[in-house]
Amino acid sequence: QVQLVESGGGLVQPGGSMRLSCAASVITLDYYDIAWFRQAPGKEREGVSCMSSVTIYTDYADSVKGRFTISRDRTKNTMYLQMNSLKADDTAIYYCAASTQTQRTGCSLAVSRYDYWGQGTQVTASS
């Protein structure tokens, strides 16, 4: 059974940094487009960042551009989200995801494009 397991969430002060990890088993992330999503209470799940499998194209939601960085470590079959200058509005449950619908010229931030999901990890930016 495919598993994506997130780690690294918790409480951080506004302005602080945090790195989320997502380790995959059964599937090899190299062959998938990958992404991070988040869902705040009372809101729909939204795409935060994505990375294509082949071209390493990346995309970010406007709200996190310049602050968040997506990456992957092929040797560890793990993906990451580095989050800097965190704001209270970044508070949410964060999910990693992988898509079989790979794109050579980009990647998608649409929830419907992703086949495999992690269980989520809570990130809270608060003083």
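In this predicted model, I56 is partly exposed, with a relative accessible area of 38%, and its place is in the loop between strand 5 and strand 6 (58–60). Leaving aside neighbours within four places in sequence, I56 is in contact with M51 and R74, while its C-alpha atom lies 10.0 Å from that of I34, a residue 22 positions away in sequence.

**Loop between strand 9 and strand 10**

- L109 is found in the loop between strand 9 and strand 10, where its relative accessibility of 24% makes it count as partly exposed.
- When neighbours within four places in sequence are set aside, L109 is in contact with F37, G47, V48, S49, C50, D59, Y60 and A61.
- Although L109 and A35 are 74 residues apart along the chain, their C-alpha atoms are separated by 7.2 Å.
- Q101 also belongs to the loop between strand 9 and strand 10, and at 34% relative accessibility Q101 counts as partly exposed.
- Not counting residues up to four places away in sequence, Q101 touches D33, S112, R113 and D115.
- Q101 and G10, which are 91 residues apart in sequence, have C-alpha atoms 31 Å apart in space.

- N77, a residue other than glycine, has a positive phi near 55 degrees, and its place is in the loop between strand 7 (68–73) and strand 8 (78–83).
- Because the cut-off for a buried residue is a relative accessible area under 20%, N77 counts as buried at 17% relative accessibility.
- S85 likewise is not a glycine and has a positive phi, of about 50 degrees, and S85 lies in the loop between strand 8 and strand 9 (92–99).
- With a relative accessible area of 40%, S85 is partly exposed.

**Disulfides**

- C22 lies in strand 3 (residues 18–25) and C96 in strand 9, so the pair ties together parts of the chain that are 74 residues apart in sequence.
- C22 and C96 are both buried.
- The other disulfide joins C50 to C107, with an S to S distance of 2.0 Å, and the torsion about its S-S bond is about 70 degrees, so this disulfide is right-handed.
- C50 in strand 5 (residues 46–51) and C107 in the loop between strand 9 and strand 10 (116–117) are 57 residues apart, and the pair links distant parts of the chain.
- C50 is buried, and C107 is buried as well.

**Nonpolar cores**

- The largest nonpolar core has 29 residues, and those with the most contacts inside this core are W36, L81, M83 and Y94.
- Two or more residues are given to this core by each of strand 3, strand 4 (33–39), strand 5, strand 7, strand 8, strand 9 and strand 11 (121–125).
- Y94, one of the residues with the most contacts inside the largest core, is in contact with E6, L20, F37, R38, V48, F68, L81, M83, G120, T121 and V123 once neighbours within four places in sequence are left aside.
- A second, separate core has six residues, including F37, A97, C107 and Y114.

**Largest pocket**

- The largest pocket holds about 180 Å³ of space, and 13 residues line this pocket, of which R38, K43, E46, S63 and D89 lie nearest its centre.
- By class, the lining of the largest pocket has eight charged, three polar and two nonpolar residues.

Notes: Residues numbered from 1 in each chain as written. Predicted model: local features only at pLDDT ≥ 70, side-chain atom pairs only at ≥ 80, totals over all residues. Heavy atoms only, no water. Helix = DSSP H or I, 4+ residues; strand = E, 2+ residues; numbered from the N terminus. Buried < 20%, exposed > 50% of the residue type's maximum accessible area, 1.4 Å probe, protein only. Disulfide = S-S within 2.5 Å. Core = buried A, V, L, I, M, F, W, Y, C linked by side-chain atoms within 4.5 Å. Contact = heavy atoms within 4.5 Å. 1 Å grid on protein atoms, 1.4 Å probe; cavity = no way out; pocket = protein on both sides within 12 Å on 5 of 7 lines; lining within 4 Å. Points joined across faces, edges and corners; volume = space filled by probe spheres on them. Nonpolar A, V, L, I, M, F, W, Y, C, P; charged D, E, K, R; others polar.
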